[in-house]
Amino acid sequence: MDSFTIDGKPLYVKRDDLIDPRYSGNKLRKLYTLLQTPSNRYDTIVSYGGIQSNAMLSIAYLAKAKGWRFEYWCKKIPAWLKKGPVGNYKTALQLGMIIRETDNQAFYEKIESLHQNINDRTLFVPQGGADPLAEEGVKVAAMEIVSWVQTRGLKELTVVTPSGTGTTALYLRKHLPATIDVVTVPVIADAKALKMQWSKLLPHHESLPRILDSIGPWPFAKPNPTFYEIWKKLREAGIVFDLLYAPKTWLELLRAYDRLQSPILYLHSGGVSGNASQIEKYRYRGLI
Ligand SMILES: *Cc1c(COP(=O)(O)O)cnc(C)c1O
């Protein structure tokens, strides 16, 4: 846990980004069960999603370590990227990822049929690792937080973490005691879609993370000068966060700071390896 101050507001940061240089923060948590799985259990892992996804890169490392084939399905890849791969995409290709590009319109149909036709030797991992498989590893992170709280003798705490699929926030909520508030910010979907995702993962679960969303939806990964500004400010304050999920989450967190029970702990979920390609995007748009 790092102590961290921004805008004169003290808080803590749990540095899950530093656990392992290969697996991006919470993706390591989500892949925990698979990392423990004997390599002879599968020979192929199939997944899908964005072309610079942090989950994609983490699965590529996992597949490499286990000797599994890794087939990754994505929508149309921009011609410039195909010609000169960069970022997570480049690293994943170097690790042996087999990329399967498909028509944008037919994408989800294709994924559905892949999922239906999977065999016993192949593991299918949904986009972003949104799968019950993720629970065990997120529980480990929750237990680490609980033991830190006990060591410090804290009566209350707020844990803040961004939501893409919401998998991390939901399983944290499930495995943290009620004295710890779990707060999240929808970064990919809106609040409604996030709740739907939660009900798919844990039907009938009573206790859900609390959602902060005063900013409202913003297209995922689309450059936003306000996001860049807070990201830079965080970096100047001493910690490099990811440029996709952290900025909106920090903006909401700082707005709500006085209303949240203290102390506040931000769970750093990694993703810093994606910053280079995201910064390129800002440059390309003339925003920096
Ligand atoms: C993947 C990722 C998230 C989203 O995690 P979910 O469990 O899908 O909500 C948040 N932050 C970073 C840095 C990530 O890489």
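Where is the place of Trp 68? This predicted model puts Trp 68 in the loop between α2 (54-66) and β4 (69-74). The legends below take the views one at a time.

**View 1. The whole chain, with its helices and strands.**
The chain holds eleven helices and ten strands. Its radius of gyration is 19 Å, close to the 19 Å that the globule rule gives for 288 residues, so the chain is as compact as a globular protein of that length. The C-alpha atoms fill a box of roughly 50 × 45 × 35 Å along the principal axes. Buried residues account for 53% of the 288 residues.

**View 2. Trp 68 in its loop.**
The loop shown here runs between α2 and β4, and Trp 68 sits in it. Is Trp 68 buried or exposed? Its relative accessibility is 5%. Buried means under 20%, so Trp 68 counts as buried. Trp 68 and Ile 215 are 147 residues apart in sequence. In space, their C-alpha atoms are 41 Å apart.

**View 3. The shell around the ligand.**
How many residues surround the ligand? The shell has 16 residues. The closest are Lys 27, Asn 54, Thr 165, Gly 166 and Thr 168. By class, the shell has twelve polar residues, three charged residues and one nonpolar residue. Helix α1 gives the largest share, three residues.

The ligand on its own has 380 Å² of accessible area, and the protein covers 98% of it. Two elements give two or more residues to the shell: α1 (25-35) and α7 (167-175).

**View 4. The ligand and the two domains.**
Why does the ligand lie between domain 1 and domain 2? Both domains give residues to the shell around the ligand, so the ligand lies between them. Domain 1 is made of two stretches, 2-20 and 134-284. Domain 2 spans 26-130.

**View 5. The cis peptide bond at Ser 262 and Pro 263.**
A cis peptide bond joins Ser 262 and Pro 263, with omega at about 0°. Where is Pro 263 found? Pro 263 is in the loop between α10 (246-256) and β10 (264-268). Ser 262 lies in the loop between α10 and β10 too. Ser 262 has 51% relative accessibility and counts as exposed. Ser 262 and Arg 22 are 240 residues apart along the chain, and their C-alpha atoms are separated by 32 Å.

**View 6. Asp 7, with a positive phi.**
Asp 7 is not a glycine, although its phi is positive, at about 55°. Its loop lies between β1 (2-6) and β2 (9-15). At 44% relative accessibility, Asp 7 counts as partly exposed.

**View 7. Ala 221, with a positive phi.**
Ala 221 also has a positive phi, at about 70°, although it is not a glycine. Is Ala 221 buried or exposed? The relative accessibility of Ala 221 is 19%, and the cut-off for buried is under 20%. Ala 221 therefore counts as buried.

**View 8. Glu 206 and Lys 174.**
Glu 206 lies in the loop between α8 (191-201) and β9 (210-211). Glu 206 counts as exposed, at 76% relative accessibility. How many residues apart in sequence are Glu 206 and Lys 174? They are 32 residues apart. In space, Glu 206 and Lys 174 are 9.4 Å apart, C-alpha to C-alpha.

Terms used
Residues numbered from 1 in each chain as written. Predicted model: local features only at pLDDT ≥ 70, side-chain atom pairs only at ≥ 80, totals over all residues. Heavy atoms only, no water. Near = heavy atom within 4 Å. Areas by Shrake-Rupley, 256 points an atom, 1.4 Å probe, with all protein chains shown as cover. Helix = DSSP H or I, 4+ residues; strand = E, 2+ residues; numbered from the N terminus. Nonpolar A, V, L, I, M, F, W, Y, C, P; charged D, E, K, R; others polar. Domains from an automatic or database assignment. Rg over C-alpha atoms; globule rule 2.2 N^0.38 Å. Buried < 20%, exposed > 50% of the residue type's maximum accessible area, 1.4 Å probe, protein only.
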